[in-house]
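Thank you all for coming; I would like to walk slowly through one protein model with you this morning.

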Amino acid sequence: MWYLIPLAIAYILINFLIWRNAVRLMGEIAERMGRSRSLVVVIIFTAVFAFLAFSIIIWTFFSIPSVVHSLKAVSNVWIGIFVYCLVFIVSGEIITFILWLLKKVRKDKPGYSRFIFIRGIIVAALIVGFSVYGMINWQNIRVTEYDISVDKHTELGSDLKIVLIADTHIGYTVGQEHIQNMVDLINEQDADLVAFAGDIVDNDYAAIENPDAIAKTFRSIKSKYGVFGCYGNHDVYEKLVGGFSLYSLPENTVQKEVDMFVENSGIELLEDEVVAVEDLYVIGRIDRTKPNGSKEGDDLEKARESIGELTADLDKSKVIIDIDHQPSDLEEKADAGVDIDLCGHTHDGQIFPGNLTINLGWENACGLLDIKKMHSIVTSGAGVWGPAMRVGANPEITVVNVHFTK
């Protein structure tokens, strides 16, 4: 946990930078109104700002579930605001520095105060605009469709409609209303098969409000051949600060309450297991980075099998569908005979500018990509992780229309 010390120092320094810029803007505004900056206003602002800045750890001092839930919800919103404060304040400072190098902006030149005022207003407007849009947008689930062809024959017919969901992150931010909206969209698709590609919950069962109602909503999903799923890295219990693990230990595993919740939800959980759906195969994977699933009893270090081991005894002339939380080992999956690989995890970056950089870490960060004869489909997910916002990466359910051509 030593890495938390430099992170904490950096976090405090960045918050001081944000606070200083905000107070400076207050002074500029007051001056243009012909007044002096109010000390009372600054004190009130500082108190509110300090509460928001430290909301990411304040919740750890409380044990009452309702209080913890409220504080975590506030901190999740603050994280997004913090990101945009950092992005736009730093951008403003960089632009100012460039103009200073070009000798366009100097403290001793006329118009400097006006420039700082306009810069502050623009930065504040961008922070508010992006934050408000993100807080609204994450709740607006879309439907994304892909059409793919598989050169195989199946007794199910010439077409198969799959609905892929991932990253619901049910917990402090995502609750019953959001899940109900998602399930309503799923049921409008008339799916043959529904796949949950991990991160069903957000690390802690205690964060879920009214889990029985949410499980009942999941049970109302309409699917001709069933609802299948796998666990993701956030289904394993861990304490988080700002969406990041305080610690990650080998014994961190899926809570038994989460197992019961998933079972009660009507999701057939597959942990490195293969099931036959009529004459096609569905494989569900153990997560790549958090392999401690729930079906091994006291064995908390179950190794994730290779996809080659899982498909070794399968009839490769039949359709093979793989459900895996993280879109990794794509070529290995293609070589193992997988026809359709369904994943989530990336959130497509979730918030700007993450949506512009997420492709640097993944061969297929979001969308449809063909790897040899395999179709890799990665959904941006239906929920949120950390910041309770989505900007540039919409929440979605993904419809995959499969056409069998042989």
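I will go from the overall picture to the cores, then to the rings and cysteines, and finally to some backbone details.

Let me begin with how to read this. This is a predicted model, in which local features need pLDDT of at least 70 and side-chain atom pairs count only at pLDDT 80 or more, while totals for chains, interfaces and linings use all residues. Residues are numbered from 1 along each chain as its sequence is written, and side-chain values use heavy atoms, with hydrogens and water left out.

The pLDDT is the predictor's confidence in each residue, from 0 to 100; its mean over the protein is 92, and 94% of the residues reach 70 or more. Over residues 296-300, however, the pLDDT is below 50, and beyond near neighbours in sequence this stretch has five contacts in the model, where contact means heavy atoms within 4.5 Å.

On the overall fold, the protein has 11 helices and 14 strands; these are DSSP runs numbered from the N terminus, helices being H or I with at least four residues and strands being E with at least two. The C-alpha trace spans about 80 × 50 × 40 Å along its principal axes. Of the contacts with a separation of 6 or more, 75% are between residues 24 or more positions apart. Of the 406 residues, 50% count as buried, and by that word I mean under 20% relative accessible area, with exposed being over 50% and partly exposed in between, using a 1.4 Å probe and protein chains only.

Now to the interior. In soluble globular proteins, nonpolar side chains tend to be buried together. A nonpolar core, as I use the term, is a set of buried Ala, Val, Leu, Ile, Met, Phe, Trp, Tyr and Cys residues joined through side-chain atoms within 4.5 Å. The largest one here has 35 residues, and those touching the most other members are Ile165, Ile170, Met182, Val194, Phe196, Phe218 and Phe261. Strands E2 (159-165), E3 (193-197) and E14 (396-404), together with helices H6 (176-188), H7 (211-219) and H8 (256-264), each give two or more residues to this core, and H6 supplies the largest share, five residues. Apart from this core lies another, of 28 residues, among them Leu156, Val275, Val277 and Leu342.

What does Phe261 touch, not counting residues up to four places away in sequence? Its partners include Ile170, Tyr205, Pro211 and Phe218. Thr168, in the loop between E2 and H6, counts as buried because its relative accessibility is 2%, and its contacts, leaving aside neighbours within four places in sequence, include Met182, Asp199 and Ala382.

Let us turn to the rings, where Phe, Tyr and Trp (its six-membered ring) pair if their centres lie within 6.5 Å, and planes under 30 degrees apart count as stacked, over 60 as edge-to-face and the rest as tilted. The whole structure holds 12 aromatic pairs. One of them joins Phe130 and Phe352, whose centres are 5.8 Å apart and whose planes meet at 40°, so the pair is tilted. This pair links distant parts of the chain, with Phe130 in helix H5 (residues 112-137) and Phe352 in the loop between strand E11 (340-343) and helix H11 (354-357), 222 residues apart. Elsewhere, ring pairs link Tyr11, Phe45, Phe49, Trp78 and Phe82 into a cluster.

As for the cysteines, a search of the whole structure finds zero disulfides, a disulfide being a pair of cysteine sulfur atoms within 2.5 Å. For Cys366, the nearest cysteine sulfur is that of Cys343, 11 Å away.

Finally, the backbone. Most residues other than glycine have a negative phi, and most peptide bonds are trans. Asn203 has a positive phi of about 75°, and Asn210 has one of about 55°. Asn203 lies in the loop between E3 and H7, and Asn210 is found in the loop between E3 and H7 as well. Are they buried or exposed? Asn203 is buried, because its relative accessible area is 1%, whereas Asn210 counts as exposed, because its relative accessibility is 52%.
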